[in-house]
Amino acid sequence: MMAPQEIDDEEYEQVLERVAAVDVAKGSGMVCTRVPHPSRPGKRQSRVWQVDADTGSVMELADHLASEGVAKVALEAGLRLLAYLVLPAGGTRPGRAAGQRPRRGECPGRPKSDKLDCVWQAKLTERGMLRPSFVPPAEIRRLRDYTRLRTDLTRERTRHWSRLEKLLEDVLIKVTSVASKTGSKPVRDMLEALIAGERDPEILAGLARGKMRARHDRLVEALTGRFDDHHGELARMLLDQIDALTAHIDQITGRAGELIMAMPGAWGVDADGVTGPGAGLDAGAPVLPAVARLDEITGIGRDAQVLIAEIGLDMGVFPTPGHLVSWAKLSPRTIQSGAKSQAGRTGKGNPYLKGVLGEAVAAAGRTDTFLGERYRRIARRRGKLRALVAVARSILVIAWHLLADPATRFRELGAGYYASRIDKNRKTRSHVRQLEALGYTVTLAHAA
């Protein structure tokens, strides 16, 4: 008989006497409290009722739960933030998480309704079976609102560029077959000239700059089309929308930078020990600002703001890099049954965090760096999608270390890191054995 393995409970895995759960619909939620039965010792009493999803009703609910002595409330995403802001005022501690609803297949024979879901979540809460989710502090939530809106506006701006390119394609203007993109400065000048009424392809092609001038003849052909005044009016509308979105994106970027500079946890430290907004940027500073530390990671750049907004500055929430990677759904699930073990899907995770990590991996994969070589190395063997997830995980682990210890600096290992760790003698012996097994006699000589 094998020795039993001891598994310690997590902090949240504790049996609670008085709990509540809220199952949220559009404008209301079902509330269930689980408390000891007043007249039957050893038994439990569940009470379920409906509450509106507005501030006044939630404050009233908070007072009621506090009077009942409820220790923890499990909340779903729809009402979680409002309740998380209001419930502490009533003295009740909301559960930092979410009551992820069990799949119907996990509860065979159980009907599906808001009432029964609410009771089920309350039972899970009192037994400590709901894992806490990450609810960042108010300053990070405020920053997150800006960075997420910037991401959405950037995607909307990309859609407008696509609409503009389709408009040009419809009138046989194929400028993007010559230029790198529609948003480049020379193409913008050509579009403005078209809108102003210029139709001569030679004059339009003469607006090219730099290397594009060498492709004058191709530009003349690409700019020969059926562009008329009503197309100019539509193009003007699209360009105005793009300019307005660009102005908002730049405004949000500046505002996000101001919010980060106002966070003491993001400040650096100068060589003389002085800290504060703007500190840590001089040469020899022992601690760089959080954005500057993350910016050193290959492929991150401006997206350091998004990383801070999505994972915060306090890595005490994630005890190890593995906890952060697991929360971000960048580690595959282990599916083990008997002697058979396989890796499952990674899961959805935070779409904004995964999006920015994917962009960082795409940028790093084109560089002659350690992360770039890691991406190409894995992509050759297992495909680009698995390489993307693996390198995104590596970037997130690096970010955890940089935020957990402010004095830590990113160190580039170089593209030759893997090659430098190969045991050449072992590899030589392996190849020689393989050739000898095929019947060859091998003689080795050093290359001149």
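Begin by selecting helix α1, residues 55-68, in this predicted model. Helix α1 lies across strands β1 (19-24), β2, β3 and β4, and its direction makes an angle of about 165° with β3.

Now turn to the strands themselves. They form an open sheet of four strands in the order β3-β2-β1-β4, and the pairing is mixed. Select β3 (44-52) and β4 (72-75) to view the edges. Each of these two has a single partner strand, so one of its sides is left without a neighbour in the sheet. From one strand to the next, the twist averages 20°.

For a view of the pairing, display β2, residues 28-36, together with β3. Strands of a sheet pair through backbone hydrogen bonds, in either the parallel or the antiparallel sense. Between β2 and β3 the sense is antiparallel, and the pairing extends over nine bridges. Which residue of β3 is the bridge partner of T33? Selecting R47 shows that partner.

The last stop is a pair of helices: select α4 (residues 138-170) and α8 (residues 229-261). Their axes are 9 Å apart, and the helices pack at an angle of about 160°. Because of that angle, α4 is roughly antiparallel to α8. The crossing of α4 and α8 is left-handed. Colouring the contact of α4 with α8 by residue class separates 18 nonpolar, eight polar and six charged residues.

Notes: Residues numbered from 1 in each chain as written. Predicted model: local features only at pLDDT ≥ 70, side-chain atom pairs only at ≥ 80, totals over all residues. Heavy atoms only, no water. Pairing = 2+ DSSP bridges. Axes fitted to C-alpha atoms, helices over the stretch in contact; angles between N-to-C directions. Contact = heavy atoms within 4.5 Å. Parallel < 35°, antiparallel > 145°, perpendicular 65-115°, else oblique. Left-handed = near helix turned anticlockwise from the far one by under 90°. Nonpolar A, V, L, I, M, F, W, Y, C, P; charged D, E, K, R; others polar.
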